[in-house]
Amino acid sequence: MTNLTDLTFHELEALIVSLGEPPYRARQVWQWLWQKGCRDISEMTDVSKALRTRLAERATIAWPRVVRVRESGDGTVKFLLGLTDGEAVECVLIPEKDHYTACLSTQVGCAMGCGFCATGMLGFRRNMTPGEMLGQVLVARQYLLDRGEALSLRNLVFMGMGEPLLNYENLLKTLEALHHPQGLDFSSRRITVSTAGVKRHLLDLGKTGLCALAISLHAPTQEKREQIMPAAARLPLGELMEILRQYPLKSRESLTFEYLLLAGVNDADADARELVRLLSHVKAKVNLIVYNATPGLPFRQPRPERVLAFQNILKDKGIVATIRKSKGTDIAAACGQLRAEADCQAEGGA
Ligand code: SF4
């Protein structure tokens with residue numbers, strides 16, 4: 001059975017045509033899937049009964065199963081989602097001043113093995129399909145609708161479990177579906193893909209213009225980066241920065257560099273000065289993220305004054321550097337804390 005949410009618009013059109021229907025019918029089905037959040041083909045009431053019957057023989061609509069929802073004191077919501085093969089992923093809804101941002105996963109587990117990340121400890125299990133990635137958006141949006149939330153889901157960040165560029169083809173299909181004007185209709189300004197850097201896809205992603213880019217940098221030198229991100233050995237920092245210099249940016253757009261501050265590891269003044277040097281040839285802004293202690297991992301949170309000192313060195317050199325306030329730490333929903341405990345089958349759920 002085909003999951004309709006796995007299909008791009010053109011793939012859906014081809015399926016509809018193969019069932020002997022005119023291509024424009026695809027638009028109606030697409031709107032049911034993405035605008036109306038339809039989960040049952042028989043409920044597509046303005047689609048002919050004959051087409052609904054034939055479609056249901058070939059396809060289904062499968063959203064991820066909500067196994068558990070945890071809400072933080074600060075309004076952050078973490079979903080544990082069960083996939084059809086029994087695997088599980090997490091995604092997070094983060095409240096902002098006038099909207100919500102969803103942090104989405106792209107893989108079950110992750111092969112990058114970053115030392116500070118709970119997902120990295122899981123190892124890699126498999127890539128998520130486009131329907132599974134988009135399903136996170138559908139689940140999050142439905143959650144807000146059911147709660148009668150006044151604020152809507154406006155921004156998406158691919159910063160959850162997994163390395164997005166190691167699931168590149170499915171990521172592209174997902175971005176395409178997100179943009180479709182008759183569907184979810186997210187503009188590229190509202191979508192950020194975060195990567196540790198995968199050489200073969202970085203520039204191609206930039207050429208699509210489908211999203212903004214964030215680089216998970218976390219260290220200013222190759223040696224330090226490899227210590228905490230072993231996969232960084234595959235794309236040396238010098239080469240990564242050379243690629244980023246060629247990255248196509250729209251006017252007024254910059255590259256975002258994520259920098260997780262780990263006490264005594266990468267948070268010294270000398271590290272900040274090294275970072276200034278590294279970023280001197282790109283249009284950069286820096287998100288400083290204060291590490292959240294995660295059980296089983298050997299890192300500590302830097303003191304607030306250390307974080308400010310680090311930020312000031314960047315600011316003094318004209319680099320826009322913001323400190324990202326950690327949200328959802330009490331429910332392990334903050335950066336690097338997602339792990340999708342594999343107990344979802346036992347728990348059951350909605
Ligand atoms: S930080 Fe991102 S790339 Fe690194 S192990 Fe975790 S999920 Fe993978």
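Predicted model: local features only at pLDDT ≥ 70, side-chain atom pairs only at ≥ 80, totals over all residues.
Close-up A. Tyr-291 counts as buried at 1% relative accessibility.

**Close-up B. Phe-79 against Tyr-143, edge-to-face.** The whole structure holds five aromatic pairs. In one of them, Phe-79 and Tyr-143 sit 5.2 Å apart, centre to centre, with 85° between the planes. Phe-79 belongs to strand S4 (residues 77–82) and Tyr-143 to helix H5 (residues 130–146), so this pair ties together parts 64 residues apart in sequence. Both Phe-79 and Tyr-143 are buried. The rings of Tyr-291 and Phe-299 also make an edge-to-face pair, because their planes stand at 80° with centres 6.0 Å apart.

**Close-up C. Aromatic rings of Phe-9, Trp-30 and Trp-34.** Ring pairs join Phe-9, Trp-30 and Trp-34 into a cluster. A charge–ring contact involves Trp-32 and Lys-36. The charged end of Lys-36 sits over the Trp-32 ring, 3.9 Å from the ring centre.

**Close-up D. The two sides of helix H3 (residues 49–58).** Leu-51, Arg-52 and Leu-55 are buried. Viewed down the axis of H3, the buried residues fall within an arc of 100°, so they line one face of the helix. An α-helix has 3.6 residues a turn, so residues three or four places apart point the same way. On the other side of H3, Lys-49 and Glu-57 are exposed. The cover over the buried residues of H3 includes helix H1 (9–18), helix H2 (25–34) and strand S2 (59–60).

**Close-up E. The residues around the ligand.** Four of the names come from one stretch of numbering: Cys-110, Met-112, Gly-113 and Cys-114 are among the residues around the ligand. Phe-116, Cys-117, Thr-119 and Gly-120 also belong to this shell. Gly-160 and Gly-162 complete the list. By class, the shell has five nonpolar and five polar residues, and no charged ones.

**Close-up F. Thr-322 in strand S14 (residues 320–324).** Thr-322 is partly exposed, with a relative accessible area of 38%. Leaving aside neighbours within four places in sequence, Thr-322 is in contact with Val-286, Asn-287, Leu-288 and Gln-311. Lys-285 lies 37 residues from Thr-322 along the chain. The C-alpha atoms of Thr-322 and Lys-285 are separated by 8.2 Å.

Definitions and conventions
Residues numbered from 1 in each chain as written. Heavy atoms only, no water. Buried < 20%, exposed > 50% of the residue type's maximum accessible area, 1.4 Å probe, protein only. Helix = DSSP H or I, 4+ residues; strand = E, 2+ residues; numbered from the N terminus. Arc of directions from axis to C-beta. Contact = heavy atoms within 4.5 Å. Phe/Tyr/Trp six-rings, centres within 6.5 Å; stacked < 30°, edge-to-face > 60°. Lys NZ or Arg CZ within 6 Å of the ring centre and 35° of its normal. Near = heavy atom within 4 Å. Nonpolar A, V, L, I, M, F, W, Y, C, P; charged D, E, K, R; others polar.
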